[in-house]
Amino acid sequence: MAAAERASDTWDGFDLFNPTPEHALLRDTLRQFVREQVEPQALEHDRAERFNRALFEQCGRLDLLGLTVPSEDGGAGMDAVAAAIVHEELSTADPGFCLAFLAHAVLFVNNLAHNGSATQRQRYLPRVISGEWVGGMGMTEPEGGTDVLGMRTVAHRDGDRYLLTGRKMWITNGAVDDTTLGDVFLIYARTDDGRISTFIVEKDFPGFTLGQRIKDKLGCRASSMAELVFDECVVPAENLVGEEGQSVRHMMRNLEIERVTLAAMSLGIAMRCLREMVRWADQRVAYGRPIRDFGQIQRHIADSYAQWRACRSYVYDFARRMDLNRAGSRVDSDGVKLVASTMAKKVADRAIQVLGAYGYVGEGVVERLWRDAKMVEIGGGTLEAHQKNITRDLTRDADVLLR
């Protein structure tokens, strides 16, 4: 009994979603920022398929772009829970902008902060943390994405430089407008020994050009996506991250935070859809009664809430156990994205059903969120890849089911 009472005292007042005052303050700050700055511009930039560079720079001034970078490197030194909070809150208003934010803050900044040398960190982190430069990561190619080992881009060592040749496709932040490349990228390529290596590539390096800016996407249209072309692009040898052949280690170390933040985007989409459903069901009258009184509507709202709440607990529980300095459980990094992404799409679909014609048009936010939700089932690892990874890892280590 005494042990149970001590456990109760330990958990009394614990908030899984805001475990410290710093996390609670961060969420409050984000909600105000989203309400005042992100929400008003979301529909316009979705329709125009335009990246909001000014809003991105505001994120730099709020110290959000280096959120998970250690303080000694100029970042905020916060954890994966903080990253989940930011991506969840941004996605309640503009998942498209949030995707651009993620490609920069997670795929480039966090990756470089934890895998780059001291010299590389000193050279690049100040510019990307401030928002002066827009960063991204190039892994996917025209011939394949999930099949990383089928990568065709090559980097040939030539004295004190590498010559990089190949193409990268579907790269978020690959372009900031129709004709201008993003500023800096982490590019994966095969070196002469056939292994995959990581390079820091600036937009002005000779041989690096914008192939095309990709338009007419289904969703996340406020983020810019592009094809990157490398024709014997000259990359200084000092821009090799780590040693040749270490890319798999870099990928695994950054994998968890990438998938947790993508899962958090899904949480934000579902949270906003729930708000819109509840508001509409309370106000809309049919047959002389608010539609919240009808069982069909109640099922849409109740099922959505329960599934969102369950997914949210899974995502934040895993985030609080993460160590950003090492690779951990692929089972759960795949798991949170697998369940959250499918949940968000279902919730967005129900929201359109509840709102009816008002949910089907562009001015109704749930139409945009429904389109944006699909991206998370593909980007950062497809559902099928997550299912494969989880099954493979569980069969290798079934003890994870007993922990």
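A residue is called buried when its relative accessible area is under 20%, exposed when over 50%, and partly exposed in between, using a 1.4 Å probe and protein chains only. This is a predicted model, in which local features need pLDDT of at least 70 and side-chain atom pairs count only at pLDDT 80 or more, while totals for chains, interfaces and linings use all residues. Residues are numbered from 1 along each chain as its sequence is written, and side-chain values use heavy atoms, with hydrogens and water left out. Helices (H or I, at least four residues) and strands (E, at least two) are DSSP runs, numbered from the N terminus.

**Stop 1: two positive phi angles**

Select asparagine 173, in the loop between β3 and β4 (184–190). Asparagine 173 is buried, with a relative accessible area of 2%. Its phi is positive, about 70°, although asparagine 173 is not a glycine. Most residues other than glycine have a negative phi.

Now select tryptophan 170, in strand β3 (residues 161–172). Here phi is near 65°, again a positive value in a residue other than glycine. Is tryptophan 170 buried or partly exposed? Tryptophan 170 is partly exposed, at a relative accessible area of 47%.

**Stop 2: salt bridges**

A salt bridge is a side-chain nitrogen of Lys or Arg within 4 Å of a carboxyl oxygen of Asp or Glu. How many salt bridges does the structure hold? The structure holds 37.

Stay with β3 and select lysine 168 together with glutamate 141. These two form a salt bridge, with the closest N and O atoms 2.9 Å apart. Glutamate 141 lies in the loop between β1 (135–138) and β2 (154–158) and lysine 168 in strand β3, so the pair ties together parts that are 27 residues apart in sequence. Glutamate 141 is buried at 4% relative accessibility, and lysine 168 is buried at 0%.

Next, select lysine 203 and aspartate 183. Their side chains meet in a salt bridge at 3.3 Å, N to O. This pair links distant parts of the chain, 20 residues apart: lysine 203 is in the loop between β5 (196–202) and β6 (208–214), and aspartate 183 is in the loop between β3 and β4. Lysine 203 is partly exposed, with a relative accessible area of 28%, whereas aspartate 183 counts as buried at 7%.

For a pair within one helix, select glutamate 276 and arginine 279. The side chains of glutamate 276 and arginine 279 meet in a salt bridge of 2.8 Å, N to O. Because they are three residues apart in helix α7 (residues 247–283), about one helical turn separates glutamate 276 from arginine 279. Glutamate 276 is buried at 13% relative accessibility, and arginine 279 is partly exposed at 36%.

Then select Arg27, Arg31, Glu88, Glu89 and Arg312 together; salt bridges link them in a network.

**Stop 3: aspartate 94 and helix α5**

Select aspartate 94, in the loop between α4 (80–91) and α5 (95–115). Aspartate 94 is buried yet has no salt bridge. Which side chain of opposite charge is nearest to aspartate 94? That side chain is arginine 368, 4.4 Å away. For charge, Lys and Arg count as positive and Asp and Glu as negative; His and the chain ends are not counted. The side chain of aspartate 94 also reaches the backbone nitrogen of phenylalanine 97 at 3.1 Å.

Show the contacts of aspartate 94 (heavy atoms within 4.5 Å). Not counting residues up to four places away in sequence, aspartate 94 touches Val38, Gln41, Ala42, Ala222 and Arg368.

Follow the chain into α5, where 21 of its 21 residues are buried. There is a kink of about 30° in α5, centred on leucine 102. The bend at a residue is the angle between axes fitted to the seven residues ending there and the seven starting there.

**Stop 4: helix α11**

Select residues 365–375, which make up helix α11. Nine of the 11 residues of α11 are buried, so this helix is largely enclosed by the rest of the structure. Arg368 is one of the buried residues. What covers the buried residues of α11 includes α2 (21–48), α4, α5, α7, α9 (330–355) and α10 (357–360).

**Stop 5: cysteines**

Finally, look for disulfides (pairs of cysteine sulfur atoms within 2.5 Å). By this rule the count is zero. Select cysteine 220: the nearest cysteine sulfur, that of cysteine 98, is 8.6 Å away. Cysteine 220 is buried, with a relative accessible area of 1%, and cysteine 233 is buried at 0%.

How values were computed: A polar contact is a pair of N or O atoms within 3.5 Å; within protein, one must be able to donate a hydrogen and the other to accept it, and residues adjacent in sequence count only if both atoms are side-chain atoms.
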